[in-house]
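Thanks for coming. Please have the sequence and the coordinates open.

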Amino acid sequence: MSTATKSCIFIKKLGRSLCFPARTISTAQLLVHRIYIYQPTTTIGSTDLATACLFVAAKMEETIKKLRDILAHSFVISSQPNTDPQSVSTSTTDKMRLGVLDAEQFVMEAIGFDFRTNHPHLLYVKLVKLAGIPRATAAAGWHILADSYFTTLPIQYPSVVIAAGSLCLAWNLDCASPHETSQFVPAAFSIISDSPEKVDGRRNRPDSSNVHNRATSYTGTAPGSSLPEHPQRLPQSLNMSEEWWTLLGISTDDMQSFVRQIADFYLLFFNGTAASPEYIEKHKLGLPSSGMSRRIGQWRMWLQNALTTPVSPKT
């Protein structure tokens, strides 16, 4: 597990302990990824760096808490899990203060004092309302969105792709039949169907239709360039059985790439036996959301079994 991922896990624990909202935790995790991309050889300790990222994120999102409280909770999580943060002595937090303040300065310099952020959370809520999907499906998509910040996907893609991709994967998980899933799903997971027409039976359109999708796609943004933006205008409703993401300016190629990458992230933690010690130990870390890796792993095997043709043994 990479240092950035470990720092993101620590931030999630610390953020929840301090009752920070999801956007503050996500911002702190995003800062971690930006730092380890541009400053991979930093000598600052991972605990100090993660704490400083959350401290900076709290200021950025205007959810400010006292540094002493953040330090006390950080000490408890990193050193003494069974201790009440209120009982941490002032002398202990004072010893931590200088290191975290130095790390805070490093964080701000590493990101070039660029404090602009563009979160997918609010857009995701709007898309859920437009799609009219069940509450359970919306909750699954919210977990996927939050877990994407354990990866570098929020740096690779604009926030509109993160929001739409999380919703798309959650909806596909609830499809009653593999043939009801999004058109790109079999190709995304390298599943060859015995009847390609069945997979795309709802639309039955040629592959060349994706040319229009790419033409209407957003302009990709590399790190350091102008920030990606939300769609200027949202449709009045979303038909989840169609390629609804094109209405947001997202190409099918980008949607397929995001869904495949976030699913692969979950599959890294998938184990067919949920009660196995390895599976339980991985989920103690809070990575990824409890049960989601198992659900996506089982969904992946369901797709494979349903869409492939059994191969007859050679005689």
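Which helix is Asn305 found in? Asn305 is in helix 15, residues 292-307. Helices here are DSSP runs of H or I with at least four residues, strands are E runs of at least two, and both are numbered from the N terminus.

Before going on, the ground rules. This is a predicted model, where local features need pLDDT of at least 70 and side-chain atom pairs count only at pLDDT 80 or more, while totals for chains, interfaces and linings use all residues. Residues are numbered from 1 along each chain as its sequence is written, and side-chain values use heavy atoms, with hydrogens and water left out.

Back to Asn305. Its relative accessibility is 62%, so Asn305 counts as exposed; the cut-offs are over 50% relative accessible area for exposed, under 20% for buried, and partly exposed in between, with a 1.4 Å probe and protein chains only. Asn305 and Pro178 are 127 residues apart in sequence, yet their C-alpha atoms are 9.7 Å apart in space.

Now the overall picture. The protein has 15 helices and 0 strands. It has 315 residues, of which 49% count as buried. Take the contacts, meaning heavy atoms within 4.5 Å, between residues at least 6 apart in sequence: 74% of them join residues at least 24 apart.

Next, helix 1, residues 3-17. At 1.5 Å a residue, its 15 residues should span 21 Å, and the end C-alpha atoms are 21 Å apart, which agrees. The expected span is 1.5 Å times one less than the number of residues. Its buried residues include Cys8, Phe10 and Lys12. Among what covers the buried residues of helix 1 are helix 2, helix 3, helix 4 and helix 7. Just after helix 1, Cys19 has a positive phi of about 60 degrees.

That brings in helix 7. How does it sit against helix 13? The two are roughly perpendicular, a label for angles of 65 to 115 degrees. The angle is about 85 degrees and the axes are 11 Å apart; axes are lines fitted to C-alpha atoms over the stretch in contact, and angles run from 0 to 180 degrees between N-to-C directions. Helix 7 contributes His143, Ile144 and Asp147 to the contact, and helix 13 contributes Ile262, Phe265 and Tyr266.

Last, the loop between helix 12 and helix 13, where Thr246 lies. Thr246 is buried, at 18% relative accessible area. A polar atom of its side chain is 2.8 Å from the backbone oxygen of Glu243.

Terms used. Parallel < 35°, antiparallel > 145°, perpendicular 65-115°, else oblique. Polar contact = N/O pair within 3.5 Å; in protein donor to acceptor, adjacent residues only side chain to side chain.
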